[in-house]
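Reader: I would like a close look at one part of this model, a single contact point and its surroundings, and then a view of the chains around it. Please state the cut-offs of each term as you go.

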Amino acid sequence: MNMNANSVEVRDLDLHFGDVKVLQKLNIDIHEGEFLVLLGSSGCGKSTLLNCIAGLLDVTDGQIFIKGDNVTWAEPSDRGIGMVFQSYALYPQMTVEGNLSFGLKNARVPKAEIEKRVARAADVLQIEPLLKRKPGALSGGQRQRVAIGRALVRDVDVFLFDEPLSNLDAKLRTDLRVELKRLHQQLENTMIYVTHDQVEAMTLADRIAIMKGGKIMQLGTPDEIYNRPQNIYVAGFIGSPAMNMIEGQIQGAEFVADGLSLPLDGYEFIGAAPASQAAVIGIRPEHVLTGDAAASVAAKAEVEVQIVEKLGSDTLVHASLGTHNLRLRMDGLSAVKAGDRITVGFDTSRASLFDASSEARL
Amino acid sequence: MNMNANSVEVRDLDLHFGDVKVLQKLNIDIHEGEFLVLLGSSGCGKSTLLNCIAGLLDVTDGQIFIKGDNVTWAEPSDRGIGMVFQSYALYPQMTVEGNLSFGLKNARVPKAEIEKRVARAADVLQIEPLLKRKPGALSGGQRQRVAIGRALVRDVDVFLFDEPLSNLDAKLRTDLRVELKRLHQQLENTMIYVTHDQVEAMTLADRIAIMKGGKIMQLGTPDEIYNRPQNIYVAGFIGSPAMNMIEGQIQGAEFVADGLSLPLDGYEFIGAAPASQAAVIGIRPEHVLTGDAAASVAAKAEVEVQIVEKLGSDTLVHASLGTHNLRLRMDGLSAVKAGDRITVGFDTSRASLFDASSEARL
Amino acid sequence: MSHAENPRGAERSARRPRQLFRNLNAKFASLPMILTALVVFVGGTAWTVAHSFTKSRLLPKWDFVGFDQYERLWNSNRWMISVENLMIYGVCSLVLTMVLGFTLAALLDRKIRFESAFRTIFLYPFALSFIVTGLAWQWILNPDFGLQGVVRGWGWESFTFDPLNNPDIVIFGVLIAGLWQGTGFVMVIMLAGLRGIDEDIWKASRVDGIGVAKTYVRVIIPMMRPVFVTALVIIASGIIKLYDLVVAQTNGGPGISSEVPAKYVINYMFQAQNLGQGFAASTMMLLSVIIVLVPWAYLEFGGKKRG
Amino acid sequence: MSPPKSRLLDGPRGSKPKSRFSRRNIFLYGTLLLVSVYYLLPLYVMVVTSLKGMPEIRLGNIFAPPVDITFEPWVKAWAEACTGINCDGLSRGFGNSIKILVPSVALSIAIASVNGYALANWKFKGSEVFFTILIIGAFIPYQTMIYPIVIMLREIKLMGSLWGLVLVHTVFGMPILTLLFRNYFTSLPEELFKAARVDGAGFWGIYFRVMLPMSIPIFVVAMILQVTGIWNDFLFGVIYTKPETYPMTVQLNNIVNSVQGVKEYNVNMAATLLTGLVPLIIYFVSGKLFVRGIAAGAVKG
Amino acid sequence: ADLEVTHWWTSGGEAAAVAEFAKAVDAKTSHNWIDGAIAGSGGTARPIIISRILGGDPMAATQLNHGRQAEELIEAGLMTDLTELAEAEGWRDIVNPSSLLDSCTFEGRIYCVPVNIHSTQWLWLSHDAFEKAGVEVPKDWFEFVSAAPALEKAGLVPLAMGQQGWQQSIAFGAITISIVGVDTWRKVTVEKNADVAAGPEYAKVFQAAADARELARESNVQDWNLATNMVITGKAGGQIMGDWAQGEFAVAEQVAGQDYSCLPGLGLNQIIDTGGDAFYFPVVDDAEVKAAQLEMASILISKEAQVNFNLAKGSLPVRGDIDLSAANDCMQKGLSILADGGVLPNADQTLTADTQTQIQDLLAEFWASDMPAADAQASYAAIIADAD
Ligand SMILES: Nc1ncnc2c1ncn2[C@@H]1O[C@H](COP(=O)(O)OP(=O)(O)OP(=O)(O)O)[C@@H](O)[C@H]1O
Ligand SMILES: Nc1ncnc2c1ncn2[C@@H]1O[C@H](COP(=O)(O)OP(=O)(O)OP(=O)(O)O)[C@@H](O)[C@H]1O
Ligand SMILES: [Mg+2]
Ligand SMILES: [Mg+2]
């Protein structure tokens, strides 16, 4: 597996629906064997981009390459892609076996070969016992596997997923997420996966592309996206509860806001550190230190606890710091109550600083 | 507020749809001012129970009391309840104001009074600017507030919520959860809240009732439910990723399973500690200790890491321990990779032990 | 506080109300439906069936003759021809209306230009009565003035297309008019059904490389089963009632070659003044309807599946 | 390895070129046009014939456009054609048709919509049984019901009155309309109904304040179906009315079937078109709503 | 009072005739004639009329074929008894032939007013057609049959026939009476003797009908008047049709004996039937209408109304005591046969509508197919056997 080869390349893609420009000059390279997640809020154009790659939408301008072939005008079935839909779009009146083999029969693959491939896919996905059933008699998770199987039997290079888990309940979603990851490790195909669920994105992706309004805001590994968001949008979009954003000023080596001044010595600026600038600092709830950890850093403040949400495994605390609301993530066993006043510390080396006007990372 | 008074009592409730017995001899007391969450997987009868309390379904047998009155056969509007639905069920052709005042007009409340109450509800929910709009022109969160407002204006004793957040996207869900909690603190009404999302249940509830197949499996505070589940079902249902369950034997003061033996000295048995018994031990992923913490406990094992899911704030690790799969929750910055072998420790004082056959907590 | 301490409240609504008086408003509002169902449909039908066993002539009379009327009915050549015609018309009309209606709907669903113009063209005959339809097609199929005459006028002297004058094919002449009137409505129903199909199914079949025609046949049509059932019921109820069209277009001729059961009923009731015979014929029609319909209605409406 | 720059630049780019005369389009539009001819032919023939004089019609070609356009037949059909000794054409029937149509449509839709609503939201024991009977009733040939209905109308003293006919239309419109409304109301979210009950609205309150305002599409469908059905009705119109109140279709039948020497095809066609005008206009104007309404409720179930 | 009168006379001549009645009623009484014409035929109009009467919303007067049709209505007491009026005005004496009044009589009481006489046994011939074929105009049915090949050779249709059951019934009736004569006819039609119907004499009838069917093979018009039109224009040799056909010839300005001939009884048996129309007066509650009904009945049978009505309609009056010298050649022929007593009752008066419909169905099928004459005869005999 050569991670540098591009499996899918999108060049200057434009897509308009009438006057609505849904995608604009979009460029993206997806590596061979990579699991790429397209993440963004509803209506940002994720499905549209996926459909363009699949050939289900006729592009307005630009080019699409798969495995180096220009497939801009190719039929969906000739692109070497398989697709899994949110609703699965299984053929309801065919058995699972029929669903899996329908495409192959249509391509006049010999019977023996079809059987072999179906058997292999059923084996990989562990759906042998279901082969004779119809989709109506399957659970959500089983349906999803069949939908994947339909792509699998066709031996395609690229798998496209459009929110394949969003119809399932939380528990099943967690399980299938792990299964999908395992499947990717086993198959080593390129996978492009659309979701608006950030947990899915973080856990599944080799790289994540965050989209907004038909443009890609940031493309990077989950770690980069989470820890070094390139702009306020990405920073606010990723992370739950969301990153704390505090507006203020950079003054020399400090970030100063209403009743708070944080030393910036540990912070890695992209360029040179500006001397003075209106800025926004973003600190994730788990990077607001409490207890012993708070004591060990220089920048501290006292906050009043307002709401405590106990999740069992951890505790989310909503507190007020002057005029700001501050979210903290604490241990599951933490005993803070609404009304408590606690001291918190800030580790600015793990924070993000953004230009207040361009919203780009500093 | 008297937490001991019962606001809603359900006595021996039976509900059958034809031959299907959806609820069976169900009993539950809900305290005045309490936030009770009904939690359970799809189809377990949560909505059915809620509809019975609301009077929208005719019970087959049993009785329902609200504020001490037997309301088993009272009309929904005479029960002093307000209800918020999953789809909000706002009347699409009426303005927000019309939606809020519809129930009052039906009850022939004087006009001045209606206006006063609508204004107050709009103030509490901060929807004054929306009063003249129709539901179609509102965002999901705003609709939800209007739906709550509809119950609010009617000055009811009991609020019933049927999965009011499940139609919203993850981000909005988090925000509205907090708002709902704040609202409850402010209004001090009794609230009965149906969901199948455990994060919601954990964060919102004063008490949680876990349902399965029309029966209540456990009724307790979130802390009790999370840390002292009464049976395997509850233990497995609550917590994400799910609790690790390992089958084995209690032998003297130890739990022994394939390649593992855990001392049980810290464990609080409900009754007397059995000398020898087939049992299942359940350990939450965050109670599987790693690193320094692992070193400090007696019961240790070496596991092989198989899948690592980085969530940013924490890291989920799927590892194998002999024939068992083990899920671990680690720090967001943890650097383990698939294939690593790490040493883990078990704190049995925080584990749960269940009888292998009755599945009840020991 | 337990319920025992509050006897007043407990008494007020603890008793299960009488089943009959629950939803009184709904029952009151359904009265027209109940009356129609019981008095008009059941009552009227029972009356008709009962009188089919009598010798009623011009006026209904309770003059019991057992199965005589039925015996005569099934010995009547005209009745046999009527039944046979209805079968031919029914099967052809059912199949062709479905096929044509679906095909047109599918064509319109292909994101074409002028969709609404085409749709209006296909639908407008439905606005016209069978009387009008029959007259118009009688005119067009007239061998001297109509299609045949015109084509012969163009020089193709041997061209023959005179369904209304040929006893062997006259029922197909009626069929042409019937299709013209009725397919538009079925097309609309089919179109609505097609629009309800998940867009993703189409995408999936394209990714699978399945041609459009094949996708319709193998995937879409099976998915539209409920729509087809609806259409089937509508078409079938129209077929059984086939009367006006025949009267307007052929009046049963040539000879009795385009007679249909409903016309038999009418003719025997009013022209022959043999009500008993007419009632016997309508009872047979009803019987066939019930045999076909009751299982379907039971599945569709009476079953428990929707509570 | 990315493809060489040159390969990137050539090759297809942008929108796939589509020929306006692709095989697909020729097939698609060809079929549609062909079928359109079948559908339009009768209308064309009727219009053309109605604009010709009798001599021209006798010359033979029914498809030929009129040489001398004359509106004589239309005038005659509307105002002069005779039935028996009344020579005032269709004009008399038009008013009668309207008088029959309006209350019939209103009453049948009102009753059927309430029935459908009760069936969808207020099921009671037996309601489905009555409904099933009603649906089977839709298949009964109307003719067989003529006698029983005559007797029923006699018993309630409505025979021959306008209201008797309105009642008959309401009864026979009921099965299909009730089905339509029931399906539509079933497709509305049940939660809405529950919310209104919690808000204290009763049977009628929910119907008028909540359901009705949401059901415009299905009311349009019902209205179109009833208007065409009742307007086109001949059988009931002729049996349950009197000569003074004959609707237009009965007048049409009288005109068309009054053979006076030669058949005046042009007058017949003009009369036919005039009679069909009201439903035709409704379809041309509201065809789009009709399709939407069918999609909204009629198909499910 | 407003008197609503239902009838199915809607063609040009018919409507003009009805107008005469209406005029008379409007002029001579204080009542208004409200015309309730129902176009189509008796088949369309009858259910309407009967439902109205049954439904308790009767009209003041209505046309109905007399004879057995109205029997049950009379039995049910739904029709007004006119006996007193009839006796006062001496209808027994003025109605000619008196059989007409018999068919209005039920158990000795009179319930209807006959208004005209129609006969159906006529063969209408086109002189033009026979000229083209180069043969003489036939004098009877058998000559007509032998002339047919010549007509066919000339590209003409020998016998014009509309594709409607009642036309075929008329033709069959005319052929029957012409071939077998009155006595045999009576055995079958009045006495319902099925053996005779199955016998050799009737076999001749069916053979003749089969011949006629062959002669009409190329005639593909629907309406009777279009068939008559073929004779008028010389496209067909002849047509068997009732006396009303001469109205069509009159409209086309043809002259009897010069452009066309008429052969009553197909030129064989000079016998015509005496069918006709009659008016009935349903029982009503309104006393004023009751009185008006009697006034109307009296007017319908009055001399003046009879003359005006029948001249307009082209039928014969029911009174023997009026002068019809204005009538044309064919009508005169009919009158003289009537005067000679060459009459037989109309089938309406002898066979029930049910039996007639069955016969009509049989004939419709017979004419439109290749059914052998023998089969048709067998079916016919079976119907006669069942008739009551
Ligand atoms: N056929 C269409 N015609 C017009 N606009 C469209 C069409 N399909 C999509 N759009 C618009 O394009 C934008 C992007 O749609 P797209 O389906 O790609 O969003 P998405 O990111 O997949 O959202 P979601 O998470 O809700 O699926 C939306 O604003 C949508 O309204
Ligand atoms: N009207 C009905 N008729 C028959 N069975 C029903 C009906 N409504 C619900 N049920 C059945 O009752 C059971 C409980 O349904 P209920 O709606 O209470 O589940 P729930 O816990 O609310 O599930 P969800 O989380 O999916 O809303 C289900 O098995 C369902 O199939
Ligand atoms: Mg999408
Ligand atoms: Mg539910």
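Author: Leaving out residues up to four places away in sequence, B:Ser87 touches B:Asn167 and D:Glu191, where contact means heavy atoms within 4.5 Å. The model is a predicted one, in which local features need pLDDT of at least 70 and side-chain atom pairs count only at pLDDT 80 or more, while totals for chains, interfaces and linings use all residues. Residues are numbered from 1 along each chain as its sequence is written, chains are lettered from A and ligands numbered from 1 in the order in which they are written, and side-chain values use heavy atoms, with hydrogens and water left out.

The side chains of B:Ser87 and D:Glu191 are joined by a polar contact of 2.3 Å; such a contact is a pair of N or O atoms within 3.5 Å, and within protein one atom must be able to donate a hydrogen and the other to accept it, with residues adjacent in sequence counted only if both atoms are side-chain atoms. Within its own chain, B:Ser87 lies 80 residues along from B:Asn167, and the C-alpha atoms of the two are separated by 7.0 Å. B:Ser87 sits in the loop of chain B between β6 (81-84) and α2 (96-106); here helices are DSSP runs of H or I with at least four residues and strands are runs of E with at least two, numbered from the N terminus. The relative accessibility of B:Ser87 is 36%, so it counts as partly exposed, given that buried means under 20% relative accessible area, exposed over 50% and partly exposed in between, with a 1.4 Å probe and protein chains only.

D:Asn121 belongs to helix α5 (residues 91-121) of chain D, and with a relative accessible area of 14% it counts as buried. Not counting residues up to four places away in sequence, D:Asn121 touches D:Phe193 and D:Met211. C:Thr133, in helix α7 (residues 130-140) of chain C, is buried at 0% relative accessibility. Apart from neighbours within four places in sequence, C:Thr133 is in contact with C:Leu128, C:Ala177, C:Trp180, C:Gln181 and C:Leu245.

Most residues other than glycine have a negative phi. A:Arg108, however, has a positive phi of about 55° although it is not a glycine; this residue is placed in the loop between α2 (96-106) and α3 (111-125) of chain A, and its 74% relative accessibility makes it exposed. A:Gln126 likewise is a residue other than glycine with a positive phi, near 55°, and it lies in the loop between α3 and α4 (140-152) of chain A. With a relative accessible area of 57%, A:Gln126 is exposed.

Chain A as a whole contains 9 helices and 20 strands, and its C-alpha atoms fill a box of roughly 75 × 45 × 40 Å along the principal axes. Of its 362 residues, 59% count as buried, and among its contacts between residues at least 6 apart in sequence, 66% join residues at least 24 apart. The accessible surface of chain A is about 14000 Å², 48% of it belonging to carbon and sulfur atoms; these areas come from the Shrake-Rupley method with a 1.4 Å probe, and for residues only the protein chains shown count as cover. Chain A carries 37 positive and 46 negative side chains, with the centres of the two sets 7 Å apart; Lys and Arg count as positive and Asp and Glu as negative, without His and the chain ends, and the place of a charge is NZ of Lys, CZ of Arg, CG of Asp or CD of Glu.

Turning to how the chains meet, 8 pairs of chains touch, and the pair with the most contacts is C and D. Chains A and E do not touch, their nearest C-alpha atoms being 49 Å apart, and chains B and E do not touch either, with a corresponding separation of 47 Å.

Chain E has 19 helices and 13 strands. Its radius of gyration is 21 Å, which agrees with the value near 21 Å for a compact globule of 388 residues; the radius is taken over C-alpha atoms, and the globule rule is 2.2 Å times the number of residues to the power 0.38. Buried residues make up 63% of chain E.
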